[in-house]
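Subject: Structure handover

Hello,

I am passing this structure on to you, with notes on what was found in it. Please look through the sequence and the model before reading on.

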Amino acid sequence: MSELVLRLAVERLQSLVLADQETAPLNRSASGHLYAILGELKRMQVWLKGKTQHKDSVRKIEELDYQIEDVIETYRVLGRSRRSLSNREIFNGIKIICMRYALIPFALRKIKSDIASIIKEIEEAVPVADSFENQGPTRSSRAVYSSLFGLKEDQKRVRQVILSGTGSNIPESSSQIGVPVIPICGAVGSGKTTLAKRILYEDPIVTKEFNTRIWVNVSEKFEIRDILRQVLVSCHGWMKHMFYSSEEQLLERIEERLKSQRTLIVLDDIRSIEAWETVCKTFPKLDKRSIVLVTTRVGYVAEYICRNEFVHTMTPLNEEALFREALPPRADTVYNELPDHLKPCFVYLGHFLEDQEIDPEKLSHLWMIEGLLSTGESARGESTMEMTERYLRELTLKGIVKVQAEEVPTTKKFKACCIVQGIENFCVSNCEQKRFLKIIDLREKDYSLSSIDEPRRLVIYLGNHRVDIEPKVAKIIRSLRVVLGNMQQIENEFIWPNEMLNLEEFRVLRILDFNGIDFRGQKLPTGIFNLELLRYLSFKGCVLEELPSSISKLSYMQVLDLRVKELIEIKIPNVLGNMRRLNHLYLPLKFVTQNGKKLGLNSLTELATLENFNTRLCKADDIFKLLKLRYLGAKVEGDFDDLVSITNYMKTTLSNFLHSTVDVIDFDCYAEERHSVLRELFQCQAARILRFKGHIGRLPSSDEISPSFTQLVLNKSHLNESSMPTLEKLPNLGVLVLSDDAYIAKKIIFSDSGFPKLKRLELLNLCFLEIFEVKNTAMPILCSLEIRNCEKLESLPDCLDIRASNHFLSIIWPEKGRQ
């Protein structure tokens, strides 16, 4: 885990370097120290790959890294808080100058010196000759590997191939790198990486034959210099200028060291022919007696690597092995085979142990704030949501996470995700062993957290017990999740969080997540609005009647989720515009404002997400100032001018990257002026989902409606029979709901090839509908049909009944006994 701790430390520092410095820039001296520290950490990250014996030293570096982040972010918070020349602001200005020119350079210089001392201790603690031995797993983890079922035969076969003439049965001509290559091929979780580690480090016969043994992690995205550094560290130990050496210099040093050395090298996780070709082009020349093992999950890649001479395919585990204490080792195996960037992401899912569904969008925000998403990939143009979905896909392929696809994808491809059943305990034990996360269940007993625990992240399940957190522990916690768990497990009334948690003590808290808590009649925890470094605050699913105006003090906030329970109407003060760093704002579905004035949000120029933007309660024209907006969820309640503003905004060039959901309530289009605005709305490329309640009468022609629409929900729209040919030509429409006389003709006809992408159709309260005709090739991927209160409709088309009988279609029609 050491190299992962450093990887996260590097990500945090890179985020600080890339952060906007306009309001509180670092001076040249401080920036120089910061870049120097970043360079040292990157070098150590390479050197510590695979090593596990320096945990204490790495923990010290991690603590220093957190100190850097805290002091710089505190400085920047002060910089953003300067707004006037009040006595307080003048004092803050003086404080900023002192911090910029004295405190921060001094602190960074001291931290740089401390890190250099720790690195020197690590380097001196590992003799050069032994450095390659430290690339393998620890003794405790080796015991886990040795307990795996089904690997003995695999190990025996591979050993025979290696030792029979030291690979002479594999002709050298079959290899592109001048020595025999043995691919080990198997599916995710089959144990191929574990087998390779066992052969490299544990097999006494193999270890006796080779002077030098080297482990190299390749993975999906790799750099040749990183691979060469891993090889050089293994065979030569740490070299001071290694990080700055060119590929040619690294190759020269490796070849000099490995000359006349009988070497066994493992290249772990080659995933494509292109990756193998890239490695071959710059692979060092080895002694002819050397051998290379390659692990891959792709059969044709394995065959290409060895030119069809020999491929070892992993033996599948038998059923008895799977059910006989084999699950934890297999979970360990899958975890050990995860690429470095996925390990902390998987462990992080321990935050949501009792959540049957985890929101990927929420996960995306949390992973980004925690530094688990690569700043390098973000700089290359991949959004945080795209990165999150890619990581979840990779975890799904590993068999440890399940995802639920969105019915009709728009900004998100996944609706939810969860940990695969049976992996939860492994995930939690990993969290706590690595001091990554502490989970406290107050439904079971009282807890006391002391400095021995040293958790950075804390999840508390409320119950009728208490937790006592020492101030010195509270001051290092960076993430706190408070959850109202299963109420059935709580015998008496549970204890409110404000009775246990004094948030004044949680000075460096970045994430605060309340889940499902009823705050009625109770105060929010003390000190919540003094958390100057807080970046994420969520009340999603809670019961909260009023948001205090002091929330505006949280000037560093990036994500604010106010989506309380749907039936709750929360009062929101008109201060959100002061939170200028907000990237994602989720307003409640129902809320009121103070003094009846509309919320002003035009100063939130960093917003990328704005949900539940109700123009009755917010100033509609403010969105023209939100130049970085990528998702808008807007609601217009009958106001003509507000709908004009929303429509005009979606028509501007600023909306090229915008995805919008628009709810229009009580907007009858009898007058031409109103119908004209509606036609313009239908033409907006940014609109993906439209929910419209009001008279339409006639739809524009299909070529006057944007092909981007994925969902249409129409209510009281009074469409006639001529509207259906228009709707069925929309190429991406996945959901269509017609309710409360949205359609007033007697007959609906879906023609051949109509509605090519429709997945869900709802016909609700259509009192005039008598006949429903569907041609055989219409709605080819329809999977859900719901009909309610269509009293004159007697039967369904035969083709739909046939699809239902073949389990391709789910039909709900209560009046006909179909549930």
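The notes below go from the whole chain to single elements and residues.

This is a predicted model, in which local features need pLDDT of at least 70 and side-chain atom pairs count only at pLDDT 80 or more, while totals for chains, interfaces and linings use all residues. Residues are numbered from 1 along each chain as its sequence is written, and side-chain values use heavy atoms, with hydrogens and water left out.

Confidence

The average pLDDT (the predictor's confidence in each residue, from 0 to 100) is 81 for the chain, and 80% of the residues score at least 70. Residues 82–87 have a pLDDT below 50, and beyond near neighbours in sequence this stretch makes eight contacts in the model; a contact here means heavy atoms within 4.5 Å. Residues 127–149 also stay under 50, and the model gives them 58 contacts beyond four places in sequence.

The chain overall

There are 24 helices and 29 strands in the chain. Helices (H or I, at least four residues) and strands (E, at least two) are DSSP runs, numbered from the N terminus. Of the 819 residues, 56% are buried, where buried means under 20% relative accessible area, exposed over 50%, and partly exposed in between, with a 1.4 Å probe and protein chains only. Among contacts with a separation of 6 or more, 63% are between residues 24 or more positions apart.

Two strands count as paired if DSSP finds at least two bridges between them. Strand 1 (residues 181–185) and strand 5 run parallel and are joined by two bridges, and I184 is opposite H312 in strand 5.

Strand 26 and its partners

Strand 26 (residues 760–764) has five of its five residues buried, so it is largely enclosed by the rest of the structure. R760, E762 and L764 are on one side and L761 and L763 on the other. Strand 26 pairs in the parallel sense with strand 24 (residues 735–739) over five bridges, and V737 is opposite E762. Five bridges also join strand 26 to strand 28 (residues 784–788), again parallel; there, R788 is the bridge partner of L764.

Two helices

In helix 7 (residues 192–202), 10 of the 11 residues are buried, so the helix is largely enclosed by the rest of the structure. Among the buried residues are K192, K197 and R198. Helix 18 (residues 384–397) has 14 residues and spans 20 Å from its first C-alpha to its last, close to the 20 Å expected at 1.5 Å a residue; the expected span is 1.5 Å times one less than the number of residues. Its buried residues include M385, E389, R390 and L395. G399 follows helix 18 and has a positive phi, near 85°.

Cores and buried loop residues

A nonpolar core is a set of buried Ala, Val, Leu, Ile, Met, Phe, Trp, Tyr and Cys residues joined through side-chain atoms within 4.5 Å. The largest one has 122 residues, of which L537, F539, L576, L610 and F772 touch the most other members. Leaving aside neighbours within four places in sequence, L610 has contacts that include L585, I623, Y631 and G633. A second, separate core has 41 residues, including V334, Y335, C345 and L372.

L372 is in the loop between helix 16 (360–370) and helix 17 (375–379), and is buried at 0% relative accessibility. L372 and Y348 are 24 residues apart in sequence, with their C-alpha atoms 9.3 Å apart.

Another loop residue, L534, lies between strand 13 (511–515) and strand 14 (536–538) and is also buried, with a relative accessible area of 0%. Its C-alpha is 7.6 Å from that of V508, 26 residues away along the chain. Not counting residues up to four places away in sequence, L534 touches residues including L509, I511, L554 and Y556.

Regards
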